[in-house]
Amino acid sequence: MSFNAVTSVEPDHLLLTVSDVYSSAKMFDFIDFVRVEADKARRTKVLIDCSNLEGSMTEADRFQGGQRVAQVFGSRIQVALIMPVGQVTKLGELAAVNRGARFLVTESPKEAEEWLLNS
């Protein structure tokens, strides 16, 4: 499955910039894609910029996405996700963190970068 994502290997993390329309059917495949890209780049820190993502997620999608993040990344890969302004509820983050993931969801690029690179 393809995604409108540009991947950039930075010195200390992997950056994925997404410009797409949200699809719950693609969500699990996208999480798997991120894992494959992180492994290929040999990075354990990932910044996903979805600030230009169109559409919105249901609360069920957020919860299931958080569960999947924990399952796929575990505690080994630290991930910061930047979402569009007004679309952060923290449910997905909470679901992931409660299952052992190192995951932050925010609408602030600065917060995402600081959390990712300073922890």
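Two strands pair if DSSP finds at least two bridges between them. With that in hand, here's a quick tour of a predicted model. Strand β3, residues 45-49, pairs with strand β4 (residues 78-82) in the parallel sense, over five bridges. Elsewhere, a search of the whole structure turns up seven salt bridges.

- Five of the five residues of β3 are buried, so the strand is largely enclosed by the rest of the structure.
- In a regular strand the side chains alternate between the two faces of the sheet.
- Here both faces of β3 are covered: one side carries Lys-45, Leu-47 and Asp-49, the other Val-46 and Ile-48, and all of them are buried.

**How the strands connect**

- On the β4 side, Val-46 stands opposite Val-79.
- Between β3 and β4 the chain goes through helix α2 (residues 59-73), in a β-α-β crossover that is right-handed.

**A salt bridge between the helices**

- Side chains of opposite charge can pair when their charged atoms come close.
- Arg-68 and Asp-32 do this through their side chains, with a salt bridge at 2.8 Å, N to O.
- Arg-68 sits in helix α2 and Asp-32 in helix α1, so the pair ties together parts that are 36 residues apart in sequence.
- Asp-32, at 26%, is partly exposed.

**Salt bridges within a helix**

- In helix α1, Lys-40 and Glu-37 are three residues apart, about one turn of the helix.
- Their side chains meet in a salt bridge, 3.0 Å from N to O.
- Lys-40 is exposed, with a relative accessible area of 60%, whereas Glu-37 counts as buried at 13% relative accessibility.
- Helix α2 holds Glu-59 and Arg-62, three residues apart, or about one turn of the helix.
- Glu-59 forms a salt bridge with Arg-62, and the closest N and O atoms are 3.0 Å apart.
- Of these two, Glu-59 counts as partly exposed at 38% relative accessibility, while Arg-62 is buried, with a relative accessible area of 11%.
- There's also a network: salt bridges that share partners join Arg-35, Asp-39 and Arg-76.

**A look at Leu-15**

- Leu-15 belongs to strand β2.
- Its relative accessible area is 22%, which makes Leu-15 partly exposed.
- Which residues does Leu-15 touch, not counting residues up to four places away in sequence? They are Val-6, Thr-7, Ser-8, Glu-10 and Leu-47.
- One of these contacts, Leu-47, is among the buried residues of β3.
- Val-97 is 82 residues from Leu-15 along the chain, and the C-alpha atoms of the two are separated by 21 Å.

Note on methods: Residues are numbered from 1 along each chain as its sequence is written. This is a predicted model: local features need pLDDT of at least 70, side-chain atom pairs count only at pLDDT 80 or more; totals for chains, interfaces and linings use all residues. Side-chain values use heavy atoms; hydrogens and water are left out. Buried means under 20% relative accessible area, exposed over 50%, partly exposed in between (1.4 Å probe, protein chains only). Helices (H or I, at least four residues) and strands (E, at least two) are DSSP runs, numbered from the N terminus. A crossover is right-handed if, with the strands pointing away from the viewer, the path from the first strand over the helix to the second runs clockwise. A salt bridge is a side-chain nitrogen of Lys or Arg within 4 Å of a carboxyl oxygen of Asp or Glu. Contact means heavy atoms within 4.5 Å.
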